[in-house]
Amino acid sequence: MSPINTKKLNLLRIKLDKLDNELLKLIKKRSNLVNEVLKVKIHKKEIIDQKRIDFILKKIKKKSILLNVDPKITSRIWKNMIWSFIDYEKRNFKKK
């Protein structure tokens, strides 16, 4: 790689790192909301709501297309995020 391209790559990586930091802050906010949701759930079986999951994924696909973002990327990200938070809820569910 040329020195100019190396410099460009490093600058782009710095921007990606900053964006990652912002994403982490958003994930923290989402985690806090999930904790609040978890407090409302009475039964462990309430953790997985397939209708809600399907609704979210359809909505994300539509928004991705409108924003010209590859829907395969966003779909994978959201599926992983949803199932990661489901796992989190299962691990942190406290029966009332």
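The model is predicted: local features need pLDDT of at least 70, side-chain atom pairs count only at pLDDT 80 or more, and totals for chains, interfaces and linings use all residues. Residues are numbered from 1 along each chain as its sequence is written, and side-chain values use heavy atoms, without hydrogens or water.

Start with the largest pocket. A pocket is an open set of points on a 1 Å grid over the protein atoms alone, where a 1.4 Å probe fits, with protein on both sides within 12 Å along at least five of seven lines. Its lining residues have an atom within 4 Å of a point.

The largest pocket holds about 590 Å³. It is lined by 25 residues, and R30, V34, R52, I56 and I82 are the closest to its centre. Which helices supply at least two lining residues each? They are α1 (3-40), α2 (50-66) and α3 (71-92). Helices here are DSSP runs of H or I, at least four residues long. By class, the lining has 15 nonpolar, 2 polar and 8 charged residues.

Next, the second largest pocket. Its space is about 300 Å³. Its lining is L23, L26, I27, R30, T74, I77, W78 and M81. Here α1 and α3 give two or more residues. The classes are 6 nonpolar, 1 polar and 1 charged.

Now look at L26 again. This residue sits in helix α1. Is L26 buried or exposed? L26 is exposed, because its relative accessible area is 52% and exposed means over 50% with a 1.4 Å probe, protein chains only.

Key: Grid points are joined across faces, edges and corners, and a volume is the space filled by probe spheres set on the points. Ala, Val, Leu, Ile, Met, Phe, Trp, Tyr, Cys and Pro count as nonpolar, Asp, Glu, Lys and Arg as charged, and the others, Gly among them, as polar. Buried means under 20% relative accessible area, exposed over 50%, partly exposed in between (1.4 Å probe, protein chains only).
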